[in-house]
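Here is a short briefing for a first look at this structure. Look over the sequence and the model, then read on.

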Amino acid sequence: MADTTTPRRRANKRGLATRENMISAAIASLATGDPTAVSGNRIARDIGVTWGAIQYQFGDIDGLWAAVLRRTAELRGDLPANAKPGGTLRERVTALIDTTLVGLRTPESLAIETLRAALPRDLDELEREYPLTAAEFASWKPGWDAACARAFTDLDVDPARVRQMAALIPAAMRGLTSERMLGTYGNLDDARLGLIDAIVALLCTDSAATVDDGRGTLPL
């Protein structure tokens with residue numbers, strides 16, 4: 001998303017390098033999962049700069065968090081669009097699930113989860129206290145929805161079902177990732193396969209034509 005509110009500083013190589021280093025160090029600090037990492041003073045100490053230096057680069061802590069989120073989005077890229085192009089419905093869903101699961105174990109994703117856990121849960125409060133951060137989070141949904149739609153655009157799949165899948169995937173993947181991190185007696189491989197089957201069935205529902213799910217054509 002375009003950043004129209006963060007204070008602009010005259011760009012120079014040294015300043016840009018300093019900014020980039022600050023963002024990378026903030027991500028690394030947040031990725032530890034330590035709740036106290038979500039603190040301007042703590043981040044400044046971990047980065048090895050003063051709080052004033054962070055303010056100079058980002059304006060305030062809200063500007064820093066927005067920059068961190070923007071960087072994680074850049075590193076993540078357009079995942080759904082890269083999910084097995086040209087494959088069957090099942091192959092694309094499987095690639096999407098597996099790519100997302102791998103992505104949620106990256107330092108960038110761990111940093112996001114640490115930050116989310118510390119920010120206000122109420123969206124009105126979040127938007128009031130951290131407007132830049134909230135705007136960055138909000139910008140992800142339309143991009144994710146559009147990327148998911150593009151991933152299945154050449155298949156005869158109901159767009160409403162694709163939107164439902166796009167809403168389901170992030171929460172479901174975080175649930176599986178959390179279970180794996182916390183430890184469970186449940187069979188997460190079965191959970192993964194069950195989720196793939198459920199999403200394939202969801203995308204086949206209400207389609208106007210038959211859809212090849214990767215195991216054969218499903219008449220609808």
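Buried means under 20% relative accessible area, exposed means over 50%, and partly exposed lies in between, with a 1.4 Å probe and protein chains only. In helix α5, the buried residues are L89, R90, R92, V93, A95, L96, I97, T100, L101 and G103. The model is predicted: local features need pLDDT of at least 70, side-chain atom pairs count only at pLDDT 80 or more, and totals for chains, interfaces and linings use all residues. Residues are numbered from 1 along each chain as its sequence is written, and side-chain values use heavy atoms, with hydrogens and water left out.

**Overall layout**

- The chain has 10 helices and two strands. Helices (H or I, at least four residues) and strands (E, at least two) are DSSP runs, numbered from the N terminus.
- Along the sequence the order is α-α-α-α-α-α-α-α-α-α-β-β.
- The chain has 220 residues, and 40% of them count as buried.
- Contact means heavy atoms within 4.5 Å. Among contacts between residues at least 6 apart in sequence, 68% join residues at least 24 apart.

**Nonpolar cores**

- A nonpolar core is a set of buried Ala, Val, Leu, Ile, Met, Phe, Trp, Tyr and Cys residues joined through side-chain atoms within 4.5 Å.
- The largest such core has 27 residues. I43, I54, F58, L64, W65 and V68 have the most contacts inside it.
- Helices α1 (13-31), α2 (40-47), α3 (51-58), α4 (61-76), α6 (107-118) and α8 each supply at least two residues of this core.
- Helix α4 gives the most to this core, with seven residues.
- A second, separate core has 26 residues, including I97, A151, M165 and A172.
- W65 is in contact with L30, A37, V38, S39, I43, L115, Y130 and T133, leaving aside neighbours within four places in sequence.

**Helix α2 and its end**

- G40, R42, I43, A44 and I47 are the buried residues of α2.
- A44 has a relative accessible area of 3%, so this residue is buried.
- A44 contacts V49, T50, W51 and I54, setting aside neighbours within four places in sequence.
- A44 and A26 are 18 residues apart along the chain, and their C-alpha atoms are separated by 8.5 Å.
- Just after α2, G48 takes a positive phi of about 90 degrees.

- T72 lies in helix α4. T72 counts as buried because its relative accessibility is 2%.
- T72 touches I27, E108, I112 and W140, not counting residues up to four places away in sequence.
- Helix α5 covers residues 89-103, and its 15 residues should span 21 Å at 1.5 Å a residue. The expected span is 1.5 Å times one less than the number of residues. The end C-alpha atoms of α5 are 21 Å apart, which agrees.
- S109 is in helix α6. With 13% relative accessibility, S109 counts as buried.
- S109 touches G103 and L104, not counting residues up to four places away in sequence.

- Rings of Phe, Tyr and Trp (its six-membered ring) pair if their centres lie within 6.5 Å; planes under 30 degrees apart count as stacked, over 60 as edge-to-face and the rest as tilted.
- The count by this rule is one aromatic pair. The ring centres of F137 and W140 are 5.4 Å apart and the planes stand at 75 degrees, so the pair is edge-to-face.
- F137 and W140 are three residues apart in helix α8 (residues 131-151), so about one helical turn separates them.
- W140 counts as buried because its relative accessibility is 18%.
- S139 is also found in helix α8. S139 counts as partly exposed, at 25% relative accessibility.
- S139 and R70 are 69 residues apart in sequence and 9.8 Å apart in space, C-alpha to C-alpha.

**Cysteines**

- A disulfide is a pair of cysteine sulfur atoms within 2.5 Å. The structure holds zero disulfides.
- C148 is buried at 0% relative accessibility, and C204 is buried with a relative accessible area of 3%.
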